[in-house]
Amino acid sequence: HCEAARLAGNGFAVSGDRLQVQRKILGQERLQTVDNLAYGQSFERLQQLLYPEEHPYHRPPAGFADGLRAVRRQHVEDYFHRHYVPPRAILTLIGDVTPRAAEGAIERAFWDPAHNGHDRGEPLLSSPPAPPKAMEADRRAVLQDRVPLGRLYLGCRGPGFGSEEWYALTLFLRALALGSLSPLRRALVSRQRLAHHIKAQLVSMRDASTVAIVATALPDVGLDQLETALLATLDDVLARGLAQATLEAARRKALNHLYWLLQRPMRRADYLSAMTAFFDAPGRVSEMDERYRSLGAAEVIKCARKFCRPGNRALLSVEPRGGRP
């Protein structure tokens, strides 16, 4: 009932004191999770390299400190009334419930006469932002931070969440860096002894994703040396393709992780809500495992060559403050 009343928007207002309290809380959260955290600003900087300033993905969802300071009460109220409205709401119910009883309770709370007729606000499935102009060359930056070891970030623009290419690229990154026998770990950690840790993941958004390959250098290993070895290994895999056994191992890990997530009520609700928000099709959650199963090695490597190629890359070197490692 509280959420239903909030969605109705009746009398919503933000006092100056309340705004100041929330501004302070968000500022403290940013300090703890980004500004004062080792490597905390790295992914934000990687996104800035990949996306131009006018594109929404150039900025973190929570904004920057100067943006928080610039927000005024009218901005908050206008945004609330435009976005926090019934046409944009997704209600996902997970648990031991009787559908008929649950539907009745939901209808009484959200669709009683006091809340009917709300067609204000922007639609849920709004138009995506215009895609950014294609990158013409790799981009590079150096970030000095209070960190114990140098770290290299390799980023690429990728496909949006839930697309066929998204599944293919997810499998490729698992095959590339997950497990002691994966190409990147075998080359940089076991054989050449350049990296302390390697990981690769797809940070997903509705209209795009970011390939993030992260390598933490061992002490006394230069980031230039680590970069040369990482790019050589990646380009070799792109040229040669994936062995079927490597792909099958990655597929098993992807499916195990998916099933583990779907067993958790909150994560299952997240997936159902995301599929509804992005595609208006919550049933796509039940198709996710089959999409992983149906991909062959040729499809996976074709997708990897499209998105992980030279010219679509951003390289960020994070150096310990005071000099190169």
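Biologist: Are Y51 and Y57 buried or exposed?

Modeller: In this predicted model, Y51 is buried, and Y57 is buried as well.

Biologist: Why is the pair of Y167 and Y292 called edge-to-face?

Modeller: Ring centres must lie within 6.5 Å, and planes over 60 degrees apart count as edge-to-face. The centres of Y167 and Y292 are 5.1 Å apart and their planes stand at 80°, so the pair is edge-to-face. The two residues are 125 residues apart, with Y167 in helix α7 (residues 164-177) and Y292 in helix α12 (residues 288-294), and the pair thus links distant parts of the chain. Both Y167 and Y292 are buried.

Biologist: Which residues do ring pairs link into a cluster?

Modeller: The cluster holds F161, W166, Y167, F278, F279 and Y292. Over the ring of F279 sits the charged end of R284, 3.8 Å from the ring centre.

Biologist: What makes C303 count as buried?

Modeller: Buried means under 20% relative accessible area. C303 has 5% relative accessibility, and therefore counts as buried. By the same cut-off, C308 counts as buried because its relative accessibility is 1%.

Biologist: How do you know that C308 is in no disulfide?

Modeller: A disulfide requires cysteine sulfur atoms within 2.5 Å. For C308, the nearest cysteine sulfur, that of C156, is 4.6 Å away, and C308 is in no disulfide. The count of disulfides comes to 0.

Technical notes: Residues numbered from 1 in each chain as written. Predicted model: local features only at pLDDT ≥ 70, side-chain atom pairs only at ≥ 80, totals over all residues. Heavy atoms only, no water. Buried < 20%, exposed > 50% of the residue type's maximum accessible area, 1.4 Å probe, protein only. Phe/Tyr/Trp six-rings, centres within 6.5 Å; stacked < 30°, edge-to-face > 60°. Helix = DSSP H or I, 4+ residues; strand = E, 2+ residues; numbered from the N terminus. Lys NZ or Arg CZ within 6 Å of the ring centre and 35° of its normal.
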